[in-house]
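Here is a friendly walk through one protein model, region by region. Please keep the viewer open as you read.

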Amino acid sequence: MNLTKRLLMSLALVLPVTTAAQSISQSQIEQFKSMPRAQQEALARQYGVDLDSIAGSASQQNQRPQNVNVVEPVDAISDEERERARQEQDNNEEQDRKNGGLKPYGYDLFVGSPTTFAPVTEIPIPNNYTLGPGDVLRVQLWGKENQQLELPVSRDGTISFPQSGPQTVAGLTFDQARQQIKKRVSEQYIGVQASVSLGELRSMRVFVLGEARNAGSYTVSSLSTITNALYVSGGIKRTGSLRKIQHKRDGKLVGELDLYDLLLAGDTSDDKRLQPGDVIFIPPVGDRVGIDGEVYRPALYELKNGTNLQELVSLAGGLTPQAYPQLVRIERNNDDFLRIIAEANLTTPKGRQAKVKPGDRIEVASISDITGQYVEVKGAATRPGRYAWVAGIRVSSVIRSLDNDLLKEADKRYAAIVRTDPETDTVSVINLRLREALDNPGGENDILLQEKDQFLIFADEGKVSAKSQDQNDTMAERSAPKNGKSNGTNNVGGTDSEEGNEVDYSRFSREALFAPVLQRLKAQAKPGAPQQTIEVTGPVRYPGEYPLPASRQVADVIYVAGGLKDSASLYTAELARFGVDEEGTGKTNIQNLNLKAVMEGEVSVSLQSRDRLLIKSIPEFARAKTIELNGEVRYPGQYTIRNGETLRDVIQRAGGLTENAFPEGAVFTREKLRQLEAQRLQEAEERLQGDLLGVQLEGDDIGGQGAERTQQVEDLLKDVQSARPVGRMVINLADVVSSDEYQPIRLQDGDRLTVPTIPQAVSVFGEVQFPTSHLHSEGLTVDDYMERSGGPTRQADEDRVYVVKADGSVMLPEESRWFGGRSQQLAPGDTIIVPIDVDRLNQLELWSNVSQIVYQMALGAAAVGNL
C-alpha cells in the first residue's frame, strides 16, 4: 500500500510536466493498473490525480509510432512534373517510331504513379517472420481470466507482459515468440491459455536506385518484397533492365530478379522479402531484339544469356494460326554496319536454334489468303462470308432462301456474280436474276459456280427508305407526351434498328459494292480490250455506272439499274457512243432509240464499251400545279390548274365571288415574287446596316440630331428584319372577272388569291401618334384621318404622305391640293402612310423606299391574316 501511495504521489508530481512522464516505469504503471478499479479511484481522489491521465500516459508508452505513408497522396501534379512526363512520353514515342512501332515489353506493368501505398497486412504471417521494434503482438487470454492484450515491441526489443515484466522477442521468429509466450502464460497463470497473433507490422526503410522512375529511399512494410518497392518507386524506366534487377544487403549481392519470369510464367520465387537498409539496384537495359508479324505479342525483348529464335518466339507468345513458319525474316547489322536480311525456317531444327543478335528485327510472315475451294457472299446477306466450294454447286446451293439468307432490306430480284479468270487474272460480272434462280433450282438462271466467285447482294433503297420512315414515326410516338405529360425519354444520335444497332445500308448500295469491281474493270482495260462499263441515266431506280452485261442488251442494262420508273418515256431514248474515226480522233455518235421496241426485242441494239444510255422522262409527268383560293369565293380550296389556264377560268370553276366579296381589296400572291421581295429585304438590310455604322461613326452633334438619326435607322432596321415577304402582285380583280379587255393573268404553280369581305375602315400607319384604323366616313380628308390618329409625330415627313389603295396600288397626292382641303375621296380599305422625315439628302431615297417596301408587305400580310 505504501508503494502505491508513493506511485500516486510521483504521478501527481510528474503528470503535469510532459517530459517528466518518462520517469514512471512501465512496471509501476502496470502494478497500479492491476489494482481494483474502486481502489484506483479512491487513491486518485485522495492525492488529486486524474485517473484518465494515468491511463493515457500508460497508453502513450505502449502505443507504437503511427505508420508513415510511403507515398503521399498526389492531389495535383506540378508543372515541372507534367513537363517531365510529357518529355518522357515524346521520347518514348520517338523511340517507338525508330523501332517501327514496336514497344519494349513489360514496362507497362508499372504504368502510372501510386497515389498512396497501403502496407500489406491482411495476409497470413509466415512462421519464419522475424520480429523487430515496431511490431505488435496480440495475445488473447481465455479460461480462468479473459483478456485481450496488444503488446508492441519496444526499441530495446522487449514486450511488457502484465504482472510478469518484460520479455525479449526481437530477433526471434514469430513461431518462436509465440511458443515462448504460451509457455510463460501457462507457467504464471493457472487455468489460463493464450492465443498469439501479429497485429500491426513495423515499417522499414529501403533504397531503390539505378534506372528507377523515382529513385530514392522509401519506407515500406516489413512484409514488402522487391516488386512492392518497385511499384512504390513508380516502376522502371525504359532505359532500365527488367531481367537483372539486383538485391543488395550490406554492399553484397544477395539475389537477382528477372521480371520476365514473373510476367511470362508467374514465377515469384526470386521476389525476396526485404529487410531494413536493403538496396534494389536497377542496371541499364541489356541487348534487345524486336519481333513483329504473326506472333501474339509483337514487341522489343531483352536478351539474357544467349537466345535462339525459338526462345524468342516463345517470349512473344508463340505463333498465331495465320503464321507461316517456313519464312521468318531477320534484319540485322553485318560486320560493315550495313542492314542485311536473312531468312530462317522454324519448321527445321536449324532454324529453331538460330541465334539472334542484339539489334535484330525478326518478322514472322503470314500465310496468304485462301487459294481456292470457296465462294464468297457480300452485301445485304444475313450471313456474309466465305462458303465451301465443290464442283457442281449452283446459286441455290449457297442462297437457299430469300427470306432467311437475305436481309429484309435486300433487293431480292437482282444480284451480281464477280468472277475471276484464273489464267488471265481478269474479272467479269455475271448478272443474276436471283428470285428466278431460287424459284427454279437447276434451271437456266441457277448458274453453276466456280472457285472464288463473289456474290454481291444489294440493298433495295425503297425498302430502306420505308423502314427509316417507319422507325422515325415509331420513335416520334414513343417520345410524344402521353396524357399531356412528357415521358422523360429522349433519343439522341439517330434511330435504332430492331436489334438496337443502326445498320448502314449505304454500304450495300449498287454504287458501293460495284465501286471496286468498276475500278478493276477500268484497270485491266487495254488496246483491243476496252473497259467493259456502261452508264445509265434518267428515270431508272438506280442510275449510275455499271459493268457491261455479257448479253450487251439494253433490257439487261435497265434490269441491272433496277428497272424503269413510271415517269420513263417508252417512245424515245438516247444512246451516246464513243468511238474513233478513220483519222484516229475520238468522236461521239448519238443514236435515238424506240425504247419500247428495243425492250420487246423488235429492234436489236448491241451495247458497246463506254456507251451512255439516257432514258428520257415523260414531259410534265405527274407534275400537279395548284392555286389556292381563299376568302369570299363560292367554293374556296386548292385547285389543280392546266397549262395556260387563267385566273378568270379558275374563279369560274370555283363558282365566282360571293355577295360579300370586296374585289378591290383582293390579294394575289406569287412564289417567284415572294422570293424577289426576300432578296430586296436582304439588300435593304445590308445597306441599312452600313448606314447605321456610318451614322454612329459620325457621332452626335450640338443639337443631338446624330443620336436621333441613329435611332431612326435602328427602328427602320428592326422593321426590315421583322418583315416577311408576301409576293403580292397588284391586280384589278373586278376587271379580271368581268372585263374581256383586261389582260389575262396566266397562273403559275403556287399562286394564291385571297378575297376579303367588304371593309368599312381606313387605316393610318407610320409616323403618327396612334397608328390605327378608323371607320370610313364620306367627306373626310387625309388630314382628318391623320388628326383622328393624334396627328403626325416630330419625325413625320408630311410632304411625302401617300395612300396605299386596297388593291395594293399607291396613290400620290396632287401637288398643292392635297392638304388644302380639296382632297381626292378615300375609299374603304385605303391606308394612309406617313413616312419618316429624313434630313440627310444622300439617304433620303433609300430610307423612303425601304419604308415603303416594309409598309406594303405589312399591308399585304394583314389583308391575308384578317380573313
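What is the order of the three strands in the open sheet? The order is 2-1-5, and the pairing is antiparallel. Strands here, like helices, are DSSP runs numbered from the N terminus (helices are H or I with at least four residues, strands are E with at least two), and two strands pair if DSSP finds at least two bridges between them.

Before going on, a word on the source: this is a predicted model, in which local features need pLDDT of at least 70 and side-chain atom pairs count only at pLDDT 80 or more, while totals for chains, interfaces and linings use all residues. Residues are numbered from 1 along each chain as its sequence is written, and side-chain values use heavy atoms, with hydrogens and water left out.

Gln140 has Ser195 in strand 5 as its bridge partner. Helix 6 lies across strand 1 and strand 5, at about 160° to strand 5; such angles run from 0 to 180 degrees between N-to-C directions, with axes fitted to C-alpha atoms, for helices over the stretch in contact (heavy atoms within 4.5 Å).

| Pair | Sense | Bridges |
|---|---|---|
| Strand 1 (residues 136-143) and strand 5 | antiparallel | seven |
| Strand 18 (residues 410-420) and strand 19 (residues 427-433) | antiparallel | seven |

In the second pair, Ile417 stands opposite Ile430. The hairpin has six residues between its strands, and Asp425 there takes a positive phi near 60°.

Tyr189 sits in the loop between helix 6 (174-188) and strand 5 (192-198). Tyr189 counts as buried because its relative accessibility is 12%; buried means under 20% relative accessible area, exposed over 50% and partly exposed in between (1.4 Å probe, protein chains only). Beyond its neighbours within four places in sequence, Tyr189 is in contact with Glu145, Phe161, Pro162 and Gln163.

Further along, helix 14 bends by about 35° at Pro516, the bend being the angle between axes fitted to the seven residues ending there and the seven starting there. Its buried residues are Arg510, Leu513, Phe514, Val517, Leu518 and Leu521.
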